[in-house]
Amino acid sequence: MQTTQQQLCLTGGTMSVVLDLPFSVSMWISSAVVITYTLMGGLYSVAYTDIIQLILVFIGLWICVPFVLTNPHTLDISQTLMNNTLNAPWIGQPELKKTWIMFDHYLIFTLKSMGSQVFHQRTLSASSPSTARITCIAAGFLLLLFGIPPTLLGAAVSSTDWNQTTYGSPSPYERGEAAMALPIALQHLTPTFISIIGIGCVAAAVMSSADSMLLAVASLFTSDIYKSILRPQASDRENQWAIRVSVVVTGLISTSLTSIKNSILVFWFLGAEISVTIIFPQLFCIVYFNISNGYGAIMGFVVGVTVRLLSGHPSLGLEPVLHFPGCTLEDGVYVQYAPVKTISMLSTIAAILLFSYLASVLFNKGVLPEKWDVFKVKAQHSPVPLSPVGGAIEDNEDELLKELSD
């Protein structure tokens, strides 16, 4: 839900910049568009629009890059790479003490999608396992290629004297509009016709993710809750209508959540951390460890969330209770330099395996009664047919020969 909300929020924000409409109005318009074509086409609309939109994004952003970099109010990005010229260095301030934090962020970006329904929606809909494998490998290389234009445009935004542009001063970051830096740059640093092409591509890219999220949430609800629990006897036609209703409800709820302050960044980081800390460990354990069961999954969830919250979360205003090595007080705020997200993820994996093993032992040894076994982890031993042993084999053979001779 939070991923759907952030994608719709980005769509509305982009339209707000393009059409110069209030954010709420743009939000509801973009949400209506996404919900409508997701309802009309289902998975086919998602797949085909993704292909078309990705091509448009790749071509459109590369068209915009030269115009932004050569704008007279934009400095050479190689000069602002490490220097405080107009703004802070666009590459940031890498320090040795931030090594574990960067490693933490690296794992967030690499493992987040592994626990995402949208990723498995694509792989499971492939025509064969080999096709799914090739698609994933190709996507890994294409991701690096697709990331070059946004990086260059972001560097240009940080290297621009905004006081000399139609946008004016202060900069987008100082106005709290850093999340909209890309459409702002395309609108104010490129010619009008180029701006239309670029912003249209950005809107297409965000919509391609939004419709995927809507369909993923609706499919999960229909398959795991409606069909499995509420209406097991439901027909295919009824399940299709359940998916359609779920798409509309999910879209309306997600759109309503966009009124929350700082919802884009807060929901994005929460979604990424939930995926890495909770969902990915369960997927990893269930695939590679046969001992994993529901009891371990529940305890892994509890342990992972507890460790992550006790480690502190600045976005939620939580002070750290667990002070890992390197935790220092800076400007009255504790900063964790340890990889707290990775520690939480490993804690979840350890808890899943430990409590899965304990539950299996306790129920199979009879320490806990079988009627308490909600997840049915107790091994069901099927009766083994008795086979003759020793001389009984020869006796049986003799009797069989006599019967055949008679």
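Helices here are DSSP runs of H or I of at least four residues, strands are runs of E of at least two, and both are numbered from the N terminus. Residues are numbered from 1 along each chain as its sequence is written. The model is predicted, so local features need pLDDT of at least 70 and side-chain atom pairs count only at pLDDT 80 or more, while totals for chains, interfaces and linings use all residues.

By this assignment the chain holds 13 helices and 2 strands. Of its 406 residues, 37% are buried, where buried means under 20% relative accessible area, exposed over 50%, and partly exposed in between, with a 1.4 Å probe and protein chains only. A contact means heavy atoms within 4.5 Å. Among contacts between residues at least 6 apart in sequence, 69% join residues at least 24 apart.

Confidence is given as pLDDT, the predictor's score for each residue, from 0 to 100. The chain averages 79, and 83% of the residues score at least 70. The mean is highest in α12, at 93, and lowest in α13, at 46. Residues 380–394 have a pLDDT below 50, and this stretch makes 3 contacts in the model beyond near neighbours in sequence.

Helix α12 (residues 340–364) packs with helix α11 (residues 294–310): their axes come within 7 Å and cross at roughly 150°. Axes are lines fitted to C-alpha atoms, for helices over the stretch in contact, and angles run from 0 to 180 degrees between N-to-C directions. Angles under 35 degrees count as roughly parallel, over 145 as roughly antiparallel, 65 to 115 as roughly perpendicular, and the rest as oblique. The two helices are therefore roughly antiparallel to each other. On the α11 side, the contact residues include Gly 296, Gly 300 and Gly 304; on the α12 side, they include Ser 344, Ala 351 and Phe 355. The residues of this contact divide into 12 nonpolar, 7 polar and 2 charged. Here Ala, Val, Leu, Ile, Met, Phe, Trp, Tyr, Cys and Pro count as nonpolar, Asp, Glu, Lys and Arg as charged, and the others, Gly among them, as polar.

Two backbone details lie in loops. In the loop between α6 (148–158) and α7 (181–188) lies Pro 170, which is joined to Ser 169 by a cis peptide bond with omega of about 0°. Lys 376 lies in the loop between α12 and α13 (392–405). Lys 376 is not a glycine, yet its phi is positive, at about 55°. Lys 376 counts as exposed because its relative accessibility is 67%.

Methods. Heavy atoms only, no water.
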